[in-house]
Amino acid sequence: MSPIIFSSESAAQTNGHAHSNSIHTIKEHASLDGFGTRAIHVGSEPNPETGAVIPAISLSTTYKQHGVGNHKGFEYSRSGNPNRNALEATLAAIESGGAYGIAFASGSSTTATVLQSLGPDAHIVSVNDVYGGTFRYMTRVAAENQGLEATFVDLENASDDEILASFRPNTKLIWIETPTNPTLRLVDIARIVSLARSAPSNPLVLVDNTFLSPFYQSPLVLGADIVMHSLTKYVNGHSDVVMGALILPAHHAALAEKLRFLQNAIGAVPSAYDCWLAQRGAKTLHLRMKAHGANALAVARALQSSSHVEEVIYPGLASHPRNDLAYRSLSSHARAYVDRYVKERGDEAGGFPYGGMISFRIRGGATEANKFLTSARLFTLAESLGGVESLAELPAQMTHGSIPPAERALLGIGDNLIRLSVGVEEEEDLVADIEQALAAAALPSKDL
Ligand SMILES: Cc1ncc(COP(=O)(O)O)c(C=O)c1O
């Protein structure tokens with residue numbers, strides 16, 4: 001499997017048509033063009049036959065061969081189709097340091113495929129605050145079916161020695177999520193990569209980059225081997241597609257080949273239409289992520305100044321204990337945006353935009369949390385995140401309800417912890433909505 005290259009030959013594999021005048025490699029795009037330019041142009045070259053600026057949706061499941069084995073790069077849609085190739089090219093171009101993109105039918109099937117690639121009786125080290133579905137697959141599917149053993153470690157606070165002590169001779173993978181869900185703990189990716197490199201089993205480092213998206217964080221540039229995304233969230237960005245993807249750097253050709261083989265063999269592949277939608281979403285990722293971040297910072301500051309709030313967790317806030325690490329972890333394109341944002345506002349900024357996710361503890365308990373969630377007008381009470389619309393939820397009873405109460409308590413997921421996915425509506429409307437919902441939550445029940 002070679003890195004995705006745009007040439008007269010391979011463009012035929014992207015839009016499904018010969019393409020004579022576009023010779024761009026992702027490498028060239030990476031050095032020539034900024035994030036938003038790559039998101040819009042890579043994988044989306046105008047069709048030379050029709051002039052269509054947007055790739056057509058290619059629904060065909062099979063492709064004509066001119067002689068046996070003589071085809072235009074497509075045989076059968078599970079093994080490859082023009083829209084999936086186009087999306088994979090876009091993803092490899094926007095996840096900095098990426099050369100291979102491999103798309104799946106959901107974030108969860110992406111996780112399953114990576115873990116299956118480890119083979120029988122492997123050991124992995126995972127951040128302890130991993131997404132619940134990932135935890136479930138590791139402990140209840142891979143453990144039973146392939147003898148996978150997982151050690152869950154607090155990768156935010158554990159010392160180097162504690163992390164090194166968790167490695168075994170058969171440790172094949174380190175699974176990182178940062179920020180974690182829902183308490184937004186931060187893991188220093190570069191530090192974990194350097195510890196992994198000193199382990200005799202030379203484990204791969206995978207980062208689930210769903211929460212920050214390729215805009216705010218570039219794990220491959222920090223040395224990670226694989227990035228995964230639930231594209232369902234920010235990359236698609238419109239809450240209308242379930243999909244996942246892996247992105248790997250150029251030096252992992254053999255690994256990419258193996259994962260590509262499993263993509264076809266397992267067959268958990270996304271539809272052409274969903275790929276087309278996700279690619280359309282990815283084209284505005286940079287615009288949306290800037291707006292998500294600016295809105296989230298404004299909402300975090302409003303929460304911070306409210307007497308009805310016990311604690312606000314938003315790593316972009318200047319007062320967050322790991323605000324320095326959050327800044328250090330920014331991708332180069334996000335840092336350029338953040339520096340400009342802060343320069344324009346000076347000390348008034350109160351921090352910097354750092355994605356759209358906020359968690360906070362409302363003063364009181366489940367009753368106050370519930371009143372807040374049902375009083376909000378614009379923040380819809382719903383699971384998921386990363387869409388243009390603002391959402392709010394109660395992790396203890398919704399997204400993290402399957403975690404036993406004792407473990408939830410250890411992770412700090414109490415009945416008064418509310419998670420917000422801040423959308424891209426008008427900032428002042430969102431702040432006003434939060435303020436009125438907090439006031440409503442503080443009223444005695446009979447006054448509601
Ligand atoms: C961080 C993270 N990773 C993976 C997933 C799984 O993705 P999907 O819902 O697309 O299967 C989710 C879903 O919420 C998630 O939040």
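Proline 179 lies in the loop that links strand 6 (171-177) to helix 7 (189-197); helices (H or I, at least four residues) and strands (E, at least two) are DSSP runs numbered from the N terminus. The structure is a predicted model, in which local features need pLDDT of at least 70, side-chain atom pairs count only at pLDDT 80 or more, and totals for chains, interfaces and linings use all residues. Residues are numbered from 1 along each chain as its sequence is written.

The peptide bond between threonine 178 and proline 179 is cis, with omega about -5°. A cis bond also connects asparagine 181 to proline 182, where omega is about 5°. Proline 182, too, belongs to the loop between strand 6 and helix 7.

Positive phi values outside glycine come next. Asparagine 202 has phi near 45° and sits in the loop between helix 7 and strand 7 (204-208). Asparagine 202 counts as exposed because it has 10 C-beta neighbours inside 10 Å; the scheme calls a residue buried if 20 or more other C-beta atoms lie within 10 Å of its own, exposed if 12 or fewer, and partly exposed in between, with C-beta atoms placed from the backbone. Serine 213, whose phi is about 70°, is part of helix 8 (residues 213-216). With 27 C-beta neighbours inside 10 Å, serine 213 is classed as buried.

Attention now turns to the modified lysine and the ligand. The unreviewed UniProt entry places the feature "modified residue: N6-(pyridoxal phosphate)lysine" at Lys233; such positions are given in the numbering used here, feature names are shortened, and annotations may be inferred rather than shown by experiment. Lysine 233 occupies the loop between strand 8 (226-230) and strand 9 (244-248) and is buried, because 23 C-beta neighbours fall inside 10 Å. Leaving aside residues up to four places away in sequence, lysine 233 touches Thr210, Leu385 and Gly386, contact requiring C-beta atoms, placed from the backbone, within 7 Å.

The ligand is surrounded by 15 residues, the closest being Ser106, Gly107, Ser108, Ser230 and Thr232; a residue is near a molecule if its C-beta atom, placed from the backbone, lies within 6 Å of it. Helix 4 (107-116) and helix 5 (132-146) are the elements giving two or more residues to this shell. By type, the shell holds three nonpolar, 10 polar and two charged residues, where Ala, Val, Leu, Ile, Met, Phe, Trp, Tyr, Cys and Pro count as nonpolar, Asp, Glu, Lys and Arg as charged, and the others, Gly among them, as polar.

How values were computed: Contact = placed C-beta atoms within 7 Å.
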